[in-house]
Amino acid sequence: MVTEKRAQVALVPLAGYDDQQAVNEAVRLGVQLLGGLGRFVSPEEKILLKPNVLGRALPQKAITTHPAVFEAVAQLLQAEGYAHLSYGDSPGNPTTSPDKAAQGCGLMEVADRLNIPQADFASGSVVHFPQGRRARSFYLCKGVQEADAVINLCKMKTHALERITGGVKNLYGCICGVNKATGHATYPNSDVFAEMLCDLNACIAPRLHILDGVVAMEGNGPSSGTPTPMKVLLFSQDPVALDSVFAALVHLSPRTVPTCLKGEEFGLGVMDWRRIDVLTPEGTLTVEEAQRQFGKSDFDVFRGEMKKGFLFKIMPLLPFLQHRPRVDKSKCVACGVCQEACPVEEKAVQAGNGKKAVYDYRKCIRCYCCQEMCPAKAISVYRSPLNRLFGGR
């Protein structure tokens, strides 16, 4: 008889970030619920802390992993004798260096105070992964390659391409610099991009995933949305289970989240709520019970879907009727970041030098890199009303 694979996700409530001691205790408790640090890493290993550092953003904007959570994890490791620590991320904004991004979001100050060096996320090389099902190689940052173990410190946010970004998606920051844009061009829709992310997670194989959901981002995420309190930290060895519980808390079916659906299909982790145990300080819950106690049913996340029937096949002929990025000219500052972020060689958006963003939707691959990187929050995703007319929600 074959035993079905199960997963554990620890959930610890946390009201806010202001009390560092309370954050430290919440992180300690979450790791303890899963069996302690020794279950995941050894003191002699070189351990990389991989936060979400999308760009230079104040912590209260909920764009990046909060410094208080980063500090709590680092202090826990140091207190238990883990001395070989580093941290880093390759920001999505092509105009921002890893140094400037880490400094801008408050992580560098914490790391410097704790004597944790920044790993090399400015250079990298190709790492072959022949067992990948969608992607067989990755251009990984040097700091990732030099680590023995990775602890993924992700952020609870919405995402235009994948609906939500949590554990699975955060590993994309291990891809070096402009190679991230190349990846969007190579894997140009949500399903194949999710498959690549699953292979990337299998290649890097983080030991532990910790999701900062104390203050999450809803709406026009992952950088232009609205901070909203969710008041939870999630912990798991399984990134798919972690993201599936995240989906449950925002009342979203994980089957509509490509990284969850493909994650289970690729054997990366468990999506099925029936096979996930939620460990809390008060005892073990089902995912549905955790949803009732800690969820937010009105969380602003895209819940629609497009049936892949006749309409899907003719959509390339109807670029102006598809979901697409749309610029609010009153907010656009003509900085040109959207054009730099566009992975299409001929650029689907033109901007900069005093010229506000203008799209050529015939070239647009709907990766939403422009929306993700816009510093002025001028770009949002237009959702076509045809979504409802042809069977979506």
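Leaving aside neighbours within four places in sequence, Leu261 is in contact with Pro254, Arg255 and Met271. Contact here means heavy atoms within 4.5 Å.

A word on the source. This is a predicted model, where local features need pLDDT of at least 70 and side-chain atom pairs count only at pLDDT 80 or more, while totals for chains, interfaces and linings use all residues. Residues are numbered from 1 along each chain as its sequence is written, and side-chain values use heavy atoms, with hydrogens and water left out.

Back to Leu261. Leu261 sits in helix H10, residues 258–265. Helices are DSSP runs of H or I, at least four residues, numbered from the N terminus. Buried means under 20% relative accessible area, exposed over 50%, partly exposed in between, with a 1.4 Å probe and protein chains only. Leu261 and Met271 are 10 residues apart along the chain, and their C-alpha atoms are separated by 6.9 Å.

Next, helix H2, residues 67–79. H2 has 13 residues. From first C-alpha to last it reaches 18 Å, close to the 18 Å expected at 1.5 Å a residue. That expected span is 1.5 Å times one less than the number of residues. H2 is mostly covered, with 10 of its 13 residues buried. Among them are Phe70, Glu71, Leu76 and Leu77. Just after H2, Gly81 takes a positive phi of about 90°.

What does H2 pack against? Helix H1, residues 20–33, packs with H2 at an angle of about 60°, with the axes 9 Å apart. Axes are lines fitted to C-alpha atoms, for helices over the stretch in contact, and angles run from 0 to 180 degrees between N-to-C directions. H1 and H2 are therefore oblique to each other. Under 35 degrees counts as roughly parallel, over 145 as roughly antiparallel, 65 to 115 as roughly perpendicular, and the rest as oblique.

Who makes the contact? From H1, the residues include Val23, Val27 and Arg28; from H2, they include Ala72, Val73 and Leu76.

Last pair: H9, residues 239–249, and H11, residues 287–294. Their axes come within 8 Å and cross at roughly 45°. That makes H9 oblique to H11. Which residues of H9 and H11 meet? Val245, Ala248 and Leu249 in H9 meet Val287, Ala290, Gln291 and Phe294 in H11.

Note on methods:
Helix = DSSP H or I, 4+ residues; strand = E, 2+ residues; numbered from the N terminus.
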